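The sequence and the coordinates are displayed below.

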Amino acid sequence: MKKQIKQPFLYGEQSNIKQAFPIVVIILLLAGVLGALLFNTVRLNGTLRKNTVDYANDVSAQLASNISYRMQTRESYIRNLADTFSGMPKFLLTEELLERKAQYLEMEKIFVVNGDGSTIPADQNLAGLEQYLKEHPDLYTDAQIFCSDGSEVCFSAPIIRETGENSLLIGIRSNDMLQQMLQNVDFKNQGLCCVVDSDGTIVVSATDETPFLELSDIFNDNTCLLYTSDAADD
């Protein structure tokens with residue numbers, strides 16, 4: 001009698017195990033598939049992120065290289081022109097000559113600031129520059145590039161004469177061309193670009209400056225800087 005009671009019970013257990021086995025296998029297979037999908041998704045996201053960063057680095061590097069070339073070329077022009085003027089008699093340094101040089105170098109204007117504050121042309125307006133010149137006397141000894149405001153960049157070089165009466169040659173170039181270069185950068189509508197100086201001050205931006213002003217802390221901390229260049233303007 002005991003055997004007749006146990007046989008149906010054991011048979012029922014074996015039957016339940018057989019029925020549950022396919023379900024367990026299916027669950028394990030689904031878990032494996034989901035795990036593989038999750039792994040591939042994470043891996044794909046990592047690859048896409050790396051490709052995006054690499055693309056942004058390449059674009060930024062190319063743009064910075066182009067800007068640097070333009071900056072260095074104009075800086076060299078002004079420095080060589082100042083050296084030429086250094087050996088010329090003062091009476092040959094005329095407004096007409098400066099205008100012709102400005103047209104040749106594709107600059108808005110080129111003028112001279114003498115040590116006594118007088119200028120060539122005589123009516124040259126130094127608004128926006130006067131204070132900067134007072135604060136940076138080294139301009140009369142070293143060629144430099146600086147920004148007077150958000151719309152133009154200045155290339156300066158000293159005119160050093162044997163008499164010791166040094167003057168300052170300044171060429172002005174607007175940021176229009178540089179702004180156009182920034183606007184042409186394609187970040188696939190996922191980013192913006194601008195040029196900042198070493199202090200994190202925005203020199204020129206492709207669009208409205210508001211988005212960049214909100215990121216001033218990032219610029220100052222260099223926490224999100226993809227590419228930098230010693231030159232920062234056109």
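## Strand pairing around S5

In which sense do strand S4 and S5 pair, and over how many bridges? In this predicted model, S4 (residues 152-159) and S5 are joined by eight bridges in the antiparallel sense. Within this pairing, Glu152 has Ser174 of S5 as its bridge partner. Strand S1 (residues 109-114) also runs antiparallel to S5, and six bridges connect the two.

Strand S5 spans residues 167-174, and eight of its eight residues are buried. The cover extends to both faces: Ser167, Leu169, Gly171 and Arg173 are buried on one side, and Leu168, Ile170, Ile172 and Ser174 are buried on the other.

## Overall architecture

The protein chain contains six helices and seven strands. In sequence order, these elements follow the pattern α-α-β-β-α-β-β-β-α-β-β-α-α. Among contacts with a separation of 6 or more, 55% join residues 24 or more positions apart.

Of the 234 residues in the protein chain, 31% count as buried. The accessible area of the chain is about 15,700 Å², with carbon and sulfur atoms supplying 55% of it.

In soluble globular proteins, nonpolar side chains tend to be buried together. The largest nonpolar core of this model has 28 residues, of which Ile78, Phe85, Ile110 and Leu169 touch the most other members. At least two residues of this core come from each of H1, H2, S1, S4, helix H4 (176-183) and strand S7 (202-205). Helix H1 provides the largest share, namely seven residues.

The surroundings of Leu169 show how these elements meet. When neighbours within four places in sequence are set aside, the contacts of Leu169 include Ile78, Leu81, Ala82 and Phe85. Leu98, Ile110, Phe111 and Val112 are also in contact with Leu169, as are Phe155, Ser156, Ala157 and Ile159. Another core lies apart from the largest one; it has twelve residues, among them Val113, Tyr140, Cys154 and Ile172.

## Salt bridges

Side chains of opposite charge can pair when their charged atoms come close. Two salt bridges are counted in this model. One of them joins Arg74 and Glu106, with 3.8 Å between the closest N and O atoms. Its partners are 32 residues apart and belong to distant parts of the chain: Arg74 is in helix H1 (residues 2-86), and Glu106 is in the loop between helix H2 (95-104) and S1. Arg74 is buried at a relative accessible area of 8%, whereas Glu106 is exposed at 53% relative accessibility.

The side chains of Lys90 and Glu165 form a salt bridge with an N to O distance of 2.7 Å. Lys90 is in the loop between H1 and H2 and Glu165 is in the loop between S4 and S5, so this pair ties together parts 75 residues apart in sequence. Lys90 is partly exposed, with a relative accessible area of 47%, and Glu165 is likewise partly exposed, at 43% relative accessibility.

## A nonpolar surface patch

Which residues form a nonpolar patch on the surface? The patch consists of Phe21, Val25 and Leu29, which together have about 300 Å² of accessible area. Leu29 belongs to helix H1. Its relative accessibility is 56%, so Leu29 counts as exposed.

Terms used
Residues are numbered from 1 along each chain as its sequence is written. This is a predicted model: local features need pLDDT of at least 70, side-chain atom pairs count only at pLDDT 80 or more; totals for chains, interfaces and linings use all residues. Side-chain values use heavy atoms; hydrogens and water are left out. Buried means under 20% relative accessible area, exposed over 50%, partly exposed in between (1.4 Å probe, protein chains only). Helices (H or I, at least four residues) and strands (E, at least two) are DSSP runs, numbered from the N terminus. Two strands pair if DSSP finds at least two bridges between them. A salt bridge is a side-chain nitrogen of Lys or Arg within 4 Å of a carboxyl oxygen of Asp or Glu. Patches are made of residues with over 30% relative accessible area and no salt bridge: like charges are joined within 9 Å, nonpolar side chains (Val, Leu, Ile, Met, Phe, Trp, Tyr) within 5 Å. Accessible areas come from the Shrake-Rupley method with a 1.4 Å probe; for residues, only the protein chains shown count as cover. A nonpolar core is a set of buried Ala, Val, Leu, Ile, Met, Phe, Trp, Tyr and Cys residues joined through side-chain atoms within 4.5 Å. Contact means heavy atoms within 4.5 Å.
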